[in-house]
Amino acid sequence: MSDNTKLTDVVMPQLAESLVSATIGKWLKQPGDRVEEYEPICDLITDKVNAELPSTVEGTLVELLAEEGQVISVGEVIARIAVAGAAGSSAPAAGTAPQAAAAPAPAAPVRPAALSLSAADAPMRSRYSPAVQTLAAEHRIDLSAVPGTGLGGRITRKDVLAYLENGGAAAVQQVPAHPGAAGAGQAGRPVPEAQQQPVLQAIQAEAQEQLEPVRNSGLHLSESPRIPTIEVEGGLGSSSEYLIDVTPIRNTIATRMRQSVSEIPHAWTMIEVDVTNLVILRNKVKDEFKRKEGINLTYLAFMMKAVVSAIKDYPIMNSVWAVDKIIVKRDINIALAVGTEDSVMTPVIKKADQKNIAGLAREIDELAQKTREGKLRLDDMQGGTFTVNNTGSFGSILSYPIINYPQAAILTFESIVKKPVVINDMIAVRSMANICLSLDHRILDGVICGRFLQRVKDNLESYTPDTKIY
């Protein structure tokens, strides 16, 4: 190390006010690698979301002080970067990394070193999510040729996209670069047709299963629900059982749900709503909204507007229990339950009472996309005061939700179903939906929650074909 070079400590940052530690998911840089300012150096796994830790300086990574999978407290040093002084900015130790990154590589599109991982070094390499399988089938990619940067060598959706961007689609007919693949171990040698077809057929068949339409009697299922992936852990020596790894996010969900059920005395109530006019209104404006905004106008946006308006009338619904006090939140921040392939996340729409129906629809679409693509930031998950869940999207007509701790209540919007209804002693076919509410009985009682649900019902039934969404 030259005299004009100094070492800079990389410490675990305070990612959010409530977080005191994070887990090192994977190191994206190794000692000797050149690091640019703001370039991610590792993946961090927190209680809420996964995030990348960017470097605050430009230099050469010289030392890693934490291992993958290790839990690190905020403020602890996890790595050191050598920063060149003003007199010299060359970093001889990192000379090979920029060349590897800059070289065009149709035959080896992304870091070839990742392909040489042994089975012991990459125990999760052959475990693919439905998103990865669908991409592979769509672009006819042999996943054994794609380097995995996820935990345990797992191939992520980002890895497949990077492989395609670097010319990987043109390399489908080549043998994977890692030793022993296809029995040859020579990159660039064509794979025999007999070896290609079983792999491609298996990927396409599994992806097709994920794309099968879901039958449902409800009216507002806008897309096929995402089904959790069950990943079989090999080598158990028994066909009667299998193991599923508990991810940090799944472990956090388990902890929060147990805390919610054990600490909060749950009560539950439900009300039925006639949403016939809402169905007519949405059918009238959805095509124009799609052309104008480029996104679908779902029933959830109308539902959320009705809930927000009711919370303004009954602000005690927007509160938390604080032992000797009840804290009523001034801002109405609606947490939206969004299901992913293997978990449920609750990103937050901040100050939802200041948005119209169109604005809520845009926020819902943006947060749902970010959740399913794994792009949520910690700020997206903070500050929720009341949770809404669209359980009707997968055909549910009745549910008993667990409160999103430490909030006071959670509301679910069930499937819209046509039913015969008695109106003025005559039977009519109407579009009906159930709204279910779980409440913290330390804060809320049946009277206030009944009135709140009645107000939500009134708001939903007050929609007309002339209601403005802007």
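How many of the 7 residues of strand S2 (residues 21-27) are buried? In this predicted model, 6 of them are, and strand S2 is mostly covered. The legends below begin with the sheet that contains this strand.

**Figure 1. An open sheet of 4 strands with antiparallel pairing.** The strand order is S5-S4-S2-S7. Strand S5 (50-54) and strand S7 (71-73) each have a single partner strand and stand at the edges, so one side of each lacks a neighbour in the sheet. From one strand to the next, the twist averages 45°. Strand S2 is joined to S4 by 4 bridges, and these two strands run antiparallel. S2 also pairs with S7, again in the antiparallel sense, over 3 bridges.

**Figure 2. Facing residues in the open sheet of S5, S4, S2 and S7.** Strand S4 (residues 40-45) is paired with S5 in the antiparallel sense through 5 bridges. Between these two strands, Leu 44 stands opposite Ala 51 in S5. Towards S7, Ala 22 has Ile 72 as its bridge partner. In general, the strands of a sheet pair through backbone hydrogen bonds, in either a parallel or an antiparallel manner.

Figure 3. Of the 15 residues, 11 are buried, so H7 is largely enclosed by the rest of the structure. The buried residues include Tyr 299, Leu 300, Ala 301, Phe 302, Met 303 and Met 304. Also among the buried residues of H7 are Ala 306, Val 307, Val 308, Ala 310 and Ile 311.

**Figure 4. Strand S19 (residues 426-440) and its pairing with strand S9 (residues 266-274).** S9 and S19 run antiparallel and are joined by 9 bridges. His 266 has Asp 440 in S19 as its bridge partner. Strand S17 (residues 409-413) likewise runs antiparallel to S19, with 5 bridges joining the two. In this pairing, Thr 412 is placed opposite Cys 436 in S19.

**Figure 5. The hairpin of S18 and S19.** Strand S18 (residues 417-423) pairs with S19 in the antiparallel sense, over 7 bridges. Ile 423 stands opposite Met 426 in S19. There are 2 residues between the strands of this hairpin, and Asn 424 takes a positive phi near 55°.

**Figure 6. The second largest cavity, lined in part by residues of S18 and S19.** The whole structure contains 2 cavities of 30 Å³ or more. The second largest cavity has a volume of about 40 Å³. Its lining consists of Glu 272, Ile 397, Ser 415, Val 417, Lys 419, Met 432, Ala 433 and Asn 434. Of these lining residues, 4 are nonpolar, 2 polar and 2 charged. S18 and S19 each supply at least two residues of the lining, and S19 gives the most, with 3 residues.

**Figure 7. Ile 416 in the loop between S17 and S18.** Ile 416 has a relative accessible area of 0%, and with buried defined as under 20%, this residue is buried. The C-alpha atoms of Ile 416 and Arg 430 are separated by 9.8 Å, and the two residues lie 14 residues apart along the chain.

**Figure 8. A cis peptide bond from Tyr 405 to Pro 406.** The omega angle of this bond is near 5°. Pro 406 lies in the loop between strand S16 (386-389) and S17.

**Figure 9. Positive phi at Arg 140 and at Lys 351.** Arg 140 is not a glycine, although it has a positive phi of about 55°. This arginine is placed in the loop between helix H2 (130-139) and helix H3 (157-165). Its relative accessibility is 41%, so Arg 140 counts as partly exposed. Lys 351, also a residue other than glycine, has a positive phi near 50°. The loop that holds Lys 351 runs between strand S15 (348-349) and helix H8 (357-372). With 37% relative accessibility, Lys 351 counts as partly exposed.

Notes: Residues numbered from 1 in each chain as written. Predicted model: local features only at pLDDT ≥ 70, side-chain atom pairs only at ≥ 80, totals over all residues. Heavy atoms only, no water. Pairing = 2+ DSSP bridges. Axes fitted to C-alpha atoms, helices over the stretch in contact; angles between N-to-C directions. Buried < 20%, exposed > 50% of the residue type's maximum accessible area, 1.4 Å probe, protein only. 1 Å grid on protein atoms, 1.4 Å probe; cavity = no way out; pocket = protein on both sides within 12 Å on 5 of 7 lines; lining within 4 Å. Points joined across faces, edges and corners; volume = space filled by probe spheres on them. Nonpolar A, V, L, I, M, F, W, Y, C, P; charged D, E, K, R; others polar.
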